[in-house]
Amino acid sequence: MNIHRCHCAFIPPHVQENLARAGVEGAAVSAQVSRIPRKNRANRVKDAEEFMSLAPVGTSSREVYDSQNEWRQRVKMAREEGDSTTDDKDANNAYDYAGMVRDYYKEVLKRNSIDNANMNLILNVHYGENFNNAFWDGDEMTFGDGDGRKFVSLSRSLDVVGHELAHGVTQWEANLIYEGQCGALNEHFSDVFGSAITQYAEGQTAETADWLIGDEIMGPELRGEALRSMKDPGSAYNNRIMGKDPQPAHMRDYYTGSADNHGVHINSGILNKAFYLAAMEVGTDMAALIWYAALQKLWPTANFNDAVLIISESARLLAIDGKAPADSPQKIRAAFKEVGLPT
Ligand SMILES: [Zn+2]
């Protein structure tokens, strides 16, 4: 089996392109994949077996590194598991939020860290200069400081940290290819867990949560905007700098263009809306549990219809086991139907 190491950046390419067009300094740089390091370690991972054998034995410990504004990872240790707080706010946020993500997986989903084998959580803050992005590159997390005007440090948001680390969980489970419908599913699962973790940590419910992704990282010139809305896809932003949120909320508005790996951050809106509707019916943690069970059964090339089938089936199996309400399969099918799925 080939491991598809998703190189998943938080700010999507279509937003970066709009920023560059609006003359935002550094946006073009942030959009360039070449600025994001491809792993060039001698032991580049080739397949799952090799990947597992290379993974260090973990203790689910956090390791936060300071890139010291260089375009490199693991430059200087800023805070390790058990260390007291430092005077670096971003390192502390990355440390705290990674802990909340780890706790959520453990307490709610009974999962031991990202790989379910206690992998350590490696996080890099202050990556590059004015870097308006954050990314998961297959085995660690990296955050830019933002330019301070459009975006602030990307480590300041629990849903960003939750979103990016969820790409790691997906990589170890369904391993969804980052392209087209399976890529939109990959993005969707990250928004699901990023949002569910935030609601859990902040004591919110489906009714009280804002369902916004990335609202805390918007800088003074974009305040009040967000990157995505799971409740109302397409409404997260509309301004001269970023353009308009292109996410559809229904299959009738499905994006068929080639941008953004054929719409991985765009068509995920349709699935996000279905999750929101399901969470309103069965509760966010229950919906996340059902989605998580499905993620463990999905496969790299799964499409939207496959996901609807597997998620509904997961709800049915959990209901039989008494772990989900008896009517959750019907409620989940109804949520998908509202967004035009299955097709
Ligand atoms: Zn993502």
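View 1. Along the sequence, the donor residues of the zinc ion follow the spacing H-x3-H-x19-E. They are His163 (NE2), His167 (NE2) and Glu187 (OE), lying 2.0 to 2.1 Å from the zinc ion. Here donors are N, O and S atoms within 2.8 Å of the metal (3.2 Å for Na, K and Ca); water is not among the atoms, so sites may look incomplete. This is a predicted model, in which local features need pLDDT of at least 70 and side-chain atom pairs count only at pLDDT 80 or more, while totals for chains, interfaces and linings use all residues. Residues are numbered from 1 along each chain as its sequence is written, and side-chain values use heavy atoms, with hydrogens and water left out.

**View 2. Two histidines on one helix.** His163 and His167 both sit in helix α5 (residues 158-172), four residues apart, or about one turn of the helix. Helices are DSSP runs of H or I with at least four residues, strands are runs of E with at least two, and both are numbered from the N terminus. Both histidines are buried (under 20% relative accessible area; exposed is over 50%, partly exposed in between; 1.4 Å probe, protein chains only).

**View 3. Helix α8 under cover.** Twelve of the 15 residues of α8 are buried, among them Ile270, Phe275 and Tyr276. Just after α8, Gly283 takes a positive phi of about 95 degrees.

**View 4. Gly58 in its loop.** Look for Gly58 between α3 (48-54) and β2 (62-66). Leaving aside neighbours within four places in sequence, Gly58 is in contact (heavy atoms within 4.5 Å) with Asn118, Met119 and Asn120.
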